[in-house]
Amino acid sequence: MLKKIRISRIVAILFLLAANGVNAQSTYTIDASQPGIAVSPNLYGIFFEEINHAGEGGLYAEMVQNRDFEVTSIPLGSSMAGNLVRTKDLWQERKIFGNELHGWSFLSEGGAIGDIRLRQDHPLNGKNPASMRLIVTKSGNRSGVYNAGFWGMNFIQGETYNLSFFARSSGNKKLDVTVSLESPNGNRIYAEKKMAQVGGNWQKYECSLVPNTSDNLGRLALTIHQPDTLWLDVVSLFPQKTYRNRANGLRDDMMQILAGLKPAFVRFPGGAIVGGMNLDNRIQWKNSIGDISQRKGTMNLWGYYTTNGLGYHEYLQMCEDLKADALWVCNPGFSDNYRKAEYCKPEEVHLYVKEALDALEYALGPVDSEWGSKRAANGHPAAFPLKYIEIGNEASGEVYRTNYKLFYDAIHAKYPEVKIISNYGAIPGGVVEIKDDHKYGSPDSFIKAFNQYDKADRKGPEIYVGEYGCTSGVGQGNLKGALAEAVYLMGLEKNSDIVTMSSYAPLFFHVNDNAWPVNMIGFDNQSVFGRTSYWVNRMMAENRPDFILNTQSADSVKNLFCISGYDKKTDEIVLKVVNTSAQPQKAAFRFKGILFASQTATSILLTHSDFNAENSRYNPEVVVPQTGQFKVGKEGIEREFSPWSFTILRVKTTKPKN
Ligand code: AHR
């Protein structure tokens, strides 16, 4: 009878707890007497792909859109069909340029008459066959051309902007050209300069302009003062202030947000663009180095033109500036598998291998080597921190396996210190050091993957999760998706003896061009913000312990995920807990083999009452981490974890014995 009453009391208590919305407390035991697996120092990296205008009109600080007038240079053998680019194998991609002089308009004030045309009869050089011809037949008050950049140019009062352009007149005439930074309709001029007289041969002109007003919808204008003809090419406008003041550099605010992630490595340049729509459209790094007027641009398979101003050298410089290792992805001898791959002839694979070897020589070779000397000539005599090369992106099939071995053998023979990443876990007759796994999907699939790598073969190869992200059922990137990613990343961290690297994808999106459902960091021409996934990634990277601690609970715990580790630099236990339910959840933590050194500890909490909450351009800080202090008890830690939350607790300890 007594037993019956007790059981019914327990049931009643449990019922009451559930009715109050608080689950019963679960108890975890954390054993610090034995260090678990070492956490890979390279676990948290970033992956940059030129998608969503991430580079062109984004990270790359160039302000002029279609500066080289090559927007119509589509992949060899393809054609334009309405709003599409169609390859000869009938793969179609959207293009978002409206006309052949995309970005440029004729400027006419007070009755000026004239026109602008794309012309190929006076090329600036072989890489830049097209240029713009301006003809003014009646000057009116003002006549010329203007460019409003990428959805407006952002001018900041008092800052310096460096302009350069190539120009020529017709028939050796001398022409005055006035350049100005101005308001969207040209009513207000913020900065203006008259340039030296332009003559009949292509010549470069340069000046600096300092606007007297801020305007984030500004435009650049070049005007002439009498009826005449002016040719223009490679018109470039850069803010003087770039990240670490690099020439041809990167936007400071966008680099700052990346630096916040403390990435161990940067994977670049793709992604699908490494393969391209066809072989001609693949990443060709040699087109992307040296003087910007000598670079050949690419019609990107994500729907827009890129000048390759953000090129191989700039990517390597970016890695160095972020104190991150470089991971370059090379083309494996065929175009993107998901876009009707075009294969090179078997007897030509060696040319693609050479392309990869030359890239490695550019990054790592001595200054007296062919490509190392070009790196030095481009201003960087020292080697760049290139540590990894990946052979292809999401490439598959028999041809891949055959080509991989040729790439591997040649690269490993010449650069044994460079780690080689494969798209397959095993290549018959070949060596796989690191395998690239990609994961996109629903929050449920990410949560289910918490234990995915627990049973991975520890004999190798190492696993690099090169792309991951919740892409469905998470709005444009909400808290629910980010929490599922936190669970997934905790699953990687507890297995990071074998899963040694990871990177979210895609990294950036421009608020006016979004080709992928969910991305990590949004921006426009004057601001940048992290989605909740950014904050989860940052919290993980900032709180990466040195080794994992065994963390067990005898209770059957639902919707609460927990791992712990030890940070040797600070002598702290680092506890990570995600609550993926709508109820608060209580947990107690008991510790073996360790003593707390302080009664106060630190908590970092990412949560919101609505799991649909998102950060956006106008509300960038709806869900951001909050740091606080809490008291630890003699017995250990007891806490309630809010619904839909990711919590990191850091507790100071005396050193563990081992
Ligand atoms: O991250 C976006 C795309 O997803 C990448 O380009 C490709 O590798 C993957 O399919």
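The model is predicted, and local features need pLDDT of at least 70, side-chain atom pairs count only at pLDDT 80 or more, and totals for chains, interfaces and linings use all residues. Residues are numbered from 1 along each chain as its sequence is written, and side-chain values use heavy atoms, with hydrogens and water left out.

A nonpolar core is a set of buried Ala, Val, Leu, Ile, Met, Phe, Trp, Tyr and Cys residues joined through side-chain atoms within 4.5 Å; buried means under 20% relative accessible area, exposed over 50%, and partly exposed in between (1.4 Å probe, protein chains only). The largest such core has 113 residues, and Tyr312, Trp328, Phe508 and Phe646 have the most contacts inside it. Helix H9 (residues 479–493) gives the largest share of this core, ten residues. Helices (H or I, at least four residues) and strands (E, at least two) are DSSP runs, numbered from the N terminus. A second, separate core has 37 residues, including Trp104, Ala191, Tyr205 and Leu209.

Tyr312 also belongs to helix H4, where it is one of the buried residues. Leaving aside residues up to four places away in sequence, Tyr312 touches Phe268, Trp285, Ser288, Ile289, Trp328, Ala359, Leu360, Tyr362, Ala363 and Leu386, a contact being heavy atoms within 4.5 Å. Nine of the ten residues of H4 (residues 312–321) are buried, so this helix is largely enclosed by the rest of the structure. Among them are His313, Glu314, Gln317 and Asp321. After H4 comes Lys323, with a positive phi near 55°.

Helix pairs come next. Axes are lines fitted to C-alpha atoms, for helices over the stretch in contact, and angles run from 0 to 180 degrees between N-to-C directions. The axes of H9 and helix H10 (residues 532–542) come within 8 Å and cross at roughly 25°. That makes H9 roughly parallel to H10; angles under 35 degrees count as roughly parallel, over 145 as roughly antiparallel, 65 to 115 as roughly perpendicular and the rest as oblique. H9 passes H10 in a right-handed crossing, in which the near helix is turned clockwise from the far one by less than a right angle. On the H9 side the contact includes Leu479, Ala482 and Leu489, and on the H10 side Val536 and Met540 are among the residues involved. The contact consists of seven nonpolar, three polar and two charged residues, where Ala, Val, Leu, Ile, Met, Phe, Trp, Tyr, Cys and Pro count as nonpolar, Asp, Glu, Lys and Arg as charged, and the others, Gly among them, as polar.

Helix H5 (residues 349–364) packs against two partners. With helix H7 (residues 398–414), the angle is about 35° and the axes are 10 Å apart. This contact has ten nonpolar, one polar and two charged residues, including Tyr352 and Leu360 of H5 and Phe407 and Ile411 of H7. With helix H6 (residues 370–377), the axes come within 7 Å and cross at roughly 45°, and the two helices are therefore oblique to each other. Here the contact divides into four nonpolar, one polar and five charged residues.

Finally, Gly466 lies in strand S24 (residues 462–470) and, at 0% relative accessibility, counts as buried. Its neighbours beyond four places in sequence are Phe47, Arg267, Asp436, Asp437, His438 and Ser503. The C-alpha atoms of Gly466 and Tyr504 are separated by 7.2 Å, although the two residues are 38 apart along the chain.
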